[in-house]
Amino acid sequence: MKINAFGNNIVVSRTEILEQEKEDAYQEAVKNIHVGDIYDAVVKNVVSYGVFVTINNKIDGLIPSKEVSWQFINDNNQIVSINDTIKVKVIDVDEEAHRISLSHKECVPSPWESIDNSIYYRNAILDVQVSRIIEHGVIVALENGCQGLLPSKEVSWDETEPNLNSMFKIGQKLTVKLLSIDPEKRRFYVSLKQI
């Protein structure tokens, strides 16, 4: 790193060699990882925006929260725990930034693939649970695991804009009418006021 001839001193660094070895090992390991590959991964950390995992005991990757489960969840700990071994699918590899994006939900069957038409049809009455409240409506979870939208205009017959945050709570159970279903776009629209 540095030579001081007058003081007979030489400064060396092991850190730089270790960093280079780590970089070389990463580059070698990432050559064999491609978008679409499926691996067993070990959960290393669970954070609010996703789940960090290690694949092949060498490569760290992130499962963004939206890729953890087909259902909307408020806490990733509801699905995985540290040291769990889970299946992941590679959805993006950024070699320069040393980032690998993964999906866990792509490794489990989508609830949209097994929709029972005898239960989920136009005008069906369904029991749902509030998953989250957004600006223009309420996201609800159906019993089969799919998500649906209760638009704010379908909350009440009243013409005024309803205060959704005061009317609904996460986890609240509701009975709604199914207005429409679009399996290709993976969308359910439901109404509370028509009940």
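Guide: Let us begin with a definition: helices (H or I, at least four residues) and strands (E, at least two) are DSSP runs, numbered from the N terminus. This is a predicted model, in which local features need pLDDT of at least 70, side-chain atom pairs count only at pLDDT 80 or more, and totals for chains, interfaces and linings use all residues. Residues are numbered from 1 along each chain as its sequence is written, and side-chain values use heavy atoms, with hydrogens and water left out.

Visitor: What makes β4 and β5 paired strands?

Guide: Two strands pair if DSSP finds at least two bridges between them. Strand β4 (residues 50-55) is joined to β5 by 6 bridges, so the strands pair, and they run antiparallel. Val53 stands opposite Gly61 in β5. The two strands form a hairpin with 3 residues between them, and Asn56 in the turn has a positive phi of about 60°.

Visitor: Why is the pair of Tyr49 and Phe52 called edge-to-face?

Guide: Rings of Phe, Tyr and Trp (its six-membered ring) pair if their centres lie within 6.5 Å; planes under 30 degrees apart count as stacked, over 60 as edge-to-face and the rest as tilted. The structure holds 3 aromatic pairs. Tyr49 and Phe52 lie 6.1 Å centre to centre with 90° between the planes, and therefore the pair is edge-to-face.

Visitor: How do you know that Phe52 is partly exposed?

Guide: Buried means under 20% relative accessible area, exposed over 50%, partly exposed in between (1.4 Å probe, protein chains only). Phe52 has 29%, so Phe52 is partly exposed.
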